[in-house]
Amino acid sequence: MDYQNTLAYLYDSVPMFQQVGGSAYKEGLENTRILDEHFGHPHRSFQSIHVAGTNGKGSCSHTLAAILQTAGYRVGLYTSPHLVDFRERIRVNGEPVPEEYVVRFVEKERSFFEPLHPSFFELTTAMAFCYFADEQVDVAVIEVGLGGRLDCTNIISPDLCIITNISFDHTQFLGNMLAKIAGEKAGIIKKDTPVVIGETTPETKPVFQEKAREVSAPIFFAEENDREDYPGVECELKGLYQVKNTWTLLTALPLLKEAGYRIDEQSVRDGFAHVCELTGLMGRWQKLQDAPTLICDTGHNVGGMTYIVEQLKQQAYRRLHIIIGMVNDKDISGVLALLPQEATYYFTKASVKRALAEDELSCLAAAVGLQGDCYPDVPSAVRAAQEKSHPEDFIFVGGSSFIVADLLANRDALNLH
């Protein structure tokens, strides 16, 4: 099989949450442990840092990897979902896993894993850990896929755990109360392993404190950190929500140093300043066009969209155009209720099965006073916005990671840089 056929096989034969949603979710770690045993526990051959949270865990993971790379470490980075190419999920020093490795892994191991019927994420996690071991990384930054306690990344024994924040997302699996969701995320807290909590609420803080006490884990709250180790640190990521991510990381770095990591000040500054170039991160308040300005962002739930709407208010423009699509298992009405009524809307859908039809989205939007036209796909919506915009206008593209993925996959055709 070539790479494209291998991907088609993976997508078709193991359920992929990115495409089908809840039916791909497998609760429990049984398959993960069987795969881990089969491959000889590859995660034990490198150090690791575990990152969970509702929003911000991807940005934190990439920035931390960039800092460690700059400090001279060989760094594995495992994140999800991918935006354009599957290989974005598994990187070493910013370079995606080679196509040949993906093909060879599937061809060699399919006779073992097919009878197991693993989920796409279970299989991808096993592949990532094997690749990092094969590549002899010093440390891997591992982003939780969903939740924490039962996530298949939760077999690692990290040097540090980070939980960025808790808000409502994937409530069908994690619960519909913040304390319940926090309990699932707190499942990554390990015995005697320090944990940094980026942001708390009155409901979530006691949950983290109780879990940390239970397993004797030193716990640190970024909100209580008043150290100013890196004054004026310049962040390449410009989203408003990155301020809290930055504070979370600045709380984590002294703990890594205490654990023996060699991280100097210049590495920290360079990592923050060049995270996209060093790690390939995309889709975080990413500018793709000037005159009119076009920005995309993967924020896709109420927590993420709250920051985006606040940032849109801070922009200067003649008119605001919003291209939006969502998937059907999110709090769609909650997100729509946040959006500005004075914008011109372009309702569309991503090229995944979970995508909500654009006419359904338009109806829900109309109920909260948002007006606009429907477009069958992201490129047609973007072209329409480009045609209707003046140079002084502002175009925002988002609502779902998959909307941003479709935008980035078509950036050449849309003349975006």
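Which residues does Thr298 touch, not counting residues up to four places away in sequence?

Analyst: Thr298 touches Leu83, Gly283, Arg284, Ser400, Ser401 and Val404, once residues up to four places away in sequence are set aside. A contact here means heavy atoms within 4.5 Å.

A word on the basis. The model is predicted, so local features need pLDDT of at least 70 and side-chain atom pairs count only at pLDDT 80 or more, while totals for chains, interfaces and linings use all residues. Numbering runs from 1 along each chain as its sequence is written, and side-chain values use heavy atoms, with hydrogens and water left out.

Where does Thr298 sit? Thr298 is in the loop between S10 and helix H13 (302-313). Helices (H or I, at least four residues) and strands (E, at least two) are DSSP runs, numbered from the N terminus. Thr298 is buried, because its relative accessible area is 11%. Buried means under 20% relative accessible area, exposed means over 50%, and partly exposed lies in between (1.4 Å probe, protein chains only).

Strand S10 covers 293-296, and strand S9 covers 286-289. Pro292 lies in the loop between S9 and S10. A cis peptide bond joins Ala291 and Pro292, with omega at about 0 degrees. There is also a cis bond between Ser80 and Pro81, with omega about -10 degrees. Pro81 is in the loop between strand S2 (75-78) and strand S3 (90-92).

Now follow S10 into its sheet. Six strands form an open sheet in the order S9-S10-S14-S11-S12-S13, with mixed pairing. Two strands pair if DSSP finds at least two bridges between them. The edges are S9 and strand S13 (372-374), and each pairs on one side only. On average, neighbouring strands of this sheet are turned by 20 degrees against each other, direction ignored. Axes are lines fitted to C-alpha atoms, for helices over the stretch in contact, and angles run from 0 to 180 degrees between N-to-C directions.

Strand S12 (residues 344-347) pairs with S13 in the parallel sense over three bridges. Within S13, Gly372 is the bridge partner of Tyr345. Helix H15 (residues 358-366) lies across strand S11 (320-324), S12 and S13, and runs at about 145 degrees to S12.

Next, strand S5. Five of the five residues of S5 are buried, so S5 is largely enclosed by the rest of the structure. In a regular strand the side chains alternate between the two faces of the sheet. In S5, Val139, Val141 and Glu143 point one way, while Ala140 and Ile142 point the other way. Strand S1 (residues 47-52) pairs with S5 in the parallel sense over five bridges. Ile49 stands opposite Val141 in S5. S2 also pairs with S5 in the parallel sense, over four bridges. Here Gly76 stands opposite Ala140.

Then the nonpolar cores. A nonpolar core is a set of buried Ala, Val, Leu, Ile, Met, Phe, Trp, Tyr and Cys residues joined through side-chain atoms within 4.5 Å. The largest core has 37 residues, and Ile90, Phe105, Met127 and Phe132 touch the most other members. Helix H1 (3-13), S3, helix H5 (99-113), helix H6 (120-134) and strand S5 (139-143) each give two or more residues to this core. H6 gives the most, with 10 residues. Apart from this core lies another, of 29 residues, among them Ile49, Val141, Leu160 and Ala252. Back in the largest core, take Ile90. Leaving aside neighbours within four places in sequence, Ile90 is in contact with residues including Leu77, Tyr78, Met127 and Phe132.

Last, two backbone details. Asp192 has phi near 60 degrees, a positive value in a residue other than glycine. Asp192 lies in the loop between helix H8 (178-185) and strand S7 (195-197). Asp192 counts as partly exposed because its relative accessibility is 49%. Asn415 is not a glycine either, yet has a positive phi of about 60 degrees. Asn415 is in the segment after helix H17 (401-409). Asn415 is exposed, because its relative accessible area is 66%.
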